[in-house]
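Here are my notes on the model you sent. Please read them with the structure open.

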Amino acid sequence: MIANLGLAALWLAAALAALQLLAASLALTGRGDALGSIIRPVAIMQGLLTTLAFIALLVLFCQTDLSVKLVAENSHSAKPFLYKFAGTWGNHEGSMLLWVTIMGLAGGFVALVERRLPEPTMIATLAGQAFVSLGFYAFLLLASNPFERLDPVPVEGLGLNPLLQDPGLAFHPPTLYIGYVGLSIAFSFAIGALITREVGPAFARAMRPWVLGSWIFLTLGITAGSYWAYYELGWGGWWFWDPVENASLMPWLAATALLHSASVLAARNALRAWTVMLGVVAFSMSMVGTFLVRSGILTSVHAFAVDPTRGSFILALLAINIGAALTLFGLRAASVTEGERFALTSREGALVFNNVMLTATLGIVLVGTLYPLLAESMGQKVSVGPPYFNPAGAMFVVPMLLVLAVGPLLRWRNDNLRRIRPELLMIAALLLGSLAALAFFGVPLLPLLGLALAAVLAVASLMPLRGRKLRTVKLPLWGMVVAHFGVAVALLGMASDSAFTTERLVAMKVGDKVAVGPWELKLDSIEPVAGPNWTALEAAIEASYQGGKPDLLKPQARQFWSPPQATSESALDTRWNGQLYAVLGEQSEDGRWQLRLWWKPFVPMIWYGGLLIALGGVLALLGRVASDVRRLIARDKIAYRRQRQGR
């Protein structure tokens with residue numbers, strides 16, 4: 001009954017998307033003016049129906065209804081309730097339903113609240129959203145039905161991938177999907193503006209909150225995913241340049257460039273064509289990521305292994321959506337004027353430079369991600385990892401960070417560097433002093449640059465506050481300061497991990513001691529323990545920092561029985577200046593236990609920095625929304641007064 005209800009809701013939502021596209025197309029061509037009034041209600045109803053379908057699947061997973069094929073293949077009655085709940089999207093079909101649900105809700109919310117755009121542009125935007133949504137409805141209903149039934153009903157389910165049985169599953173995928181789907185809204189805004197030739201500040205102001213919201217969630221999703229992989233996979237790293245990791249990084253880079261470009265267009269009526277193109281590129285990168293994760297062409301702990309037919313379907317969607325958008329852009333490019341001019345030495349100039357650097361970095365990541373796949377298709381095995389990504393990316397990231405330190409100090413439109421000479425001298429002195437001090441201690445080149453730039457950016461990010469009364473500083477400025485400071489904090493953690501990490505691979509008997517950096521560790525015991533759907537060997541390790549009071553670490557080697565798989569559960573001890581990381585390995589023939597131990601100075605700063613970057617986005621979003629609300633209220637008051645005067 002519940003499965004039938006969910007499937008019916010999904011089919012109705014797809015039918016409404018088709019109706020929305022048809023009605024909007026007729027309204028835009030002047031052959032169905034009366035249909036324009038139904039487009040917003042249809043979009044809202046579509047969001048409600050997709051929500052109903054997702055709730056139905058959620059109930060099926062929480063009840064472990066094994067008559068549904070998806071539940072039987074990805075759940076188990078003995079699985080903890082959190083993973084029954086989060087397991088709803090811990091599989092291909094469920095995660096795609098989550099994607100479609102967020103897309104439906106986002107489109108409905110746009111239809112409900114957006115009043116800043118001219119009505120034809122709004123209709124064209126909702127038409128673009130319906131066009132994108134229809135492809136995903138077709139993919140879900142024809143190739144990935146989440147409500148497919150089983151007959152006969154199995155006695156027990158197969159269970160969830162043990163690597164996904166972690167609280168991170170409840171947080172990481174939804175935040176990423178909100179970010180991905182939010183970029184589809186930006187894409188639809190770009191399409192709508194191109195169709196009606198209304199590419200201007202009003203379009204940018206309408207699109208900016210959606211881009212900013214998507215960017216916030218992408219930041220949180222990438223940060224959470226990095227930390228989840230860091231402690232769950234047991235190899236001691238926070239980023240592997242895995243193609244699926246890159247699949248989330250690429251839309252974030254594009255969204256970062258789009259966010260700054262939209263801000264320039266909204267405030268200064270410049271970068272019109274660039275903003276529209278970035279709106280297309282940002283969602284294109286989300287689609288590329290979807291293809292990589294779900295096509296079956298990758299072997300990754302992050303990827304959903306699915307059949308090639310689904311991959312071909314997604315590739316077709318990618319070609320249709322992006323091809324149509326680029327064709328429209330080509331046809332309308334001549335009508336998208338350049339906008340207001342600005343000098344190179346201005347805040348706009350700095351933003352354009354950094355947008356170019358972000359786009360170049362995106363190109364580096366895209367090439368490094370796709371090249372091995374293309375090489376493999378031609379019969380050659382090629383591995384692309386840190387030796388390529390780190391130096392190639394640094395060529396563009398280093399100058400970008402230098403301009404990031406200076407850009408917020410410049411005025412809009414036109415400025416002179418002599419005006420900020422004291423600040424420039426301070427930044428230069430700090431940079432040169434940091435480089436000299438770190439080089440003296442033998443820090444390698446890339447970490448040296450990272451640490452020096454982190455110091456420069458931390459100081460420079462606070463400079464826009466100098467001379468201001470902090471109580472009167474507006475939220476968008478606070479958001480910029482906090483986000484840029486977060487970049488410095490994250491950069492400190494990344495560079496410190498690369499420069500100062502100490503690693504030990506040891507074999508110990510119970511009672512043995514070993515030193516790792518400033519820590520002394522003693523293996524106290526190895527005991528068997530049991531969980532709800534796993535058993536494990538658990539080590540008890542006393543860890544003393546610089547001779548102080550010992551802490552107890554308990555890494556585990558787990559064995560899940562449904563599905564059968566061995567995993568390593570790392571143990572972490574976090575301090576203000578770093579993190580101790582321990583992983584339990586196998587027992588050797590002589591009775592000793594293998595342990596992998598790391599001391600990672602300042603590595604938590606990576607994730608603290610990510611949270612600060614997201615917090616800066618939240619502050620900026622609140623400030624922008626409050627400003628837009630005040631502008632709308634003022635506009636309505638003026639309209640009301642004019643109406644009264646007319647009477």
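1. Ground rules. Helices (H or I, at least four residues) and strands (E, at least two) are DSSP runs, numbered from the N terminus. This is a predicted model, where local features need pLDDT of at least 70, side-chain atom pairs count only at pLDDT 80 or more, and totals for chains, interfaces and linings use all residues. Residues are numbered from 1 along each chain as its sequence is written, and side-chain values use heavy atoms, with hydrogens and water left out.

2. V71 lies in helix α3 (residues 69-74). Relative accessibility is 0%, so V71 counts as buried. Buried means under 20% relative accessible area, exposed over 50%, and partly exposed in between (1.4 Å probe, protein chains only). Not counting residues up to four places away in sequence, V71 touches L60, F61, T64, D65 and L66. Contact here means heavy atoms within 4.5 Å. N91 is 20 residues from V71 in sequence, with 9.7 Å between their C-alpha atoms.

3. T64, one of those contacts. T64 sits in the loop between α2 (36-62) and α3. Its phi is near 50°, a positive value in a residue other than glycine. Most residues other than glycine have a negative phi, and most peptide bonds are trans. T64 is buried, with a relative accessible area of 12%.

4. R413, another positive phi. R413 is not a glycine, yet its phi is about 70°. The residue lies in the loop between α13 (386-406) and α14 (421-440). At 34% relative accessibility, R413 is partly exposed.

5. Cis peptide bonds. D151 and P152 are joined by a cis bond, with omega about 5°. P152 is in the loop between α6 (119-143) and α7 (168-196). The bond from S562 to P563 is also cis, with omega near -5°. P563 is in the loop between β6 (556-561) and β7 (564-569).

6. Cores. A nonpolar core is a set of buried Ala, Val, Leu, Ile, Met, Phe, Trp, Tyr and Cys residues joined through side-chain atoms within 4.5 Å. The largest has 156 residues, and W99, F136, F189 and F203 have the most contacts inside it. A second, separate core has 21 residues, including M508, L553, L584 and W599.

7. Aromatic pairs. Rings of Phe, Tyr and Trp (its six-membered ring) pair if their centres lie within 6.5 Å; planes under 30 degrees apart count as stacked, over 60 as edge-to-face and the rest as tilted. The whole structure holds 25 such pairs. Y230 and Y581 have ring centres 5.0 Å apart and planes at 70°, so they are edge-to-face. Y230 is in helix α8 (residues 201-232) and Y581 in strand β9 (residues 578-587), 351 residues apart. Both are buried. The Y545 and W599 pair is tilted, at 6.0 Å centre to centre and 50° between the planes. Y545 is in strand β4 (residues 534-545) and W599 in strand β10 (residues 593-601), so the pair ties together parts 54 residues apart in sequence.

8. Strand β10. How much of β10 is buried? Seven of its nine residues are, so β10 is largely enclosed by the rest of the structure. Two strands pair if DSSP finds at least two bridges between them. Strand β1 (residues 502-508) runs antiparallel to β10, with seven bridges. L505 stands opposite R596. β9 is also antiparallel to β10, with eight bridges. Q587 has W593 as its bridge partner. β9 and β10 form a hairpin with five residues between them, and G591 in the turn has a positive phi of about 90°.
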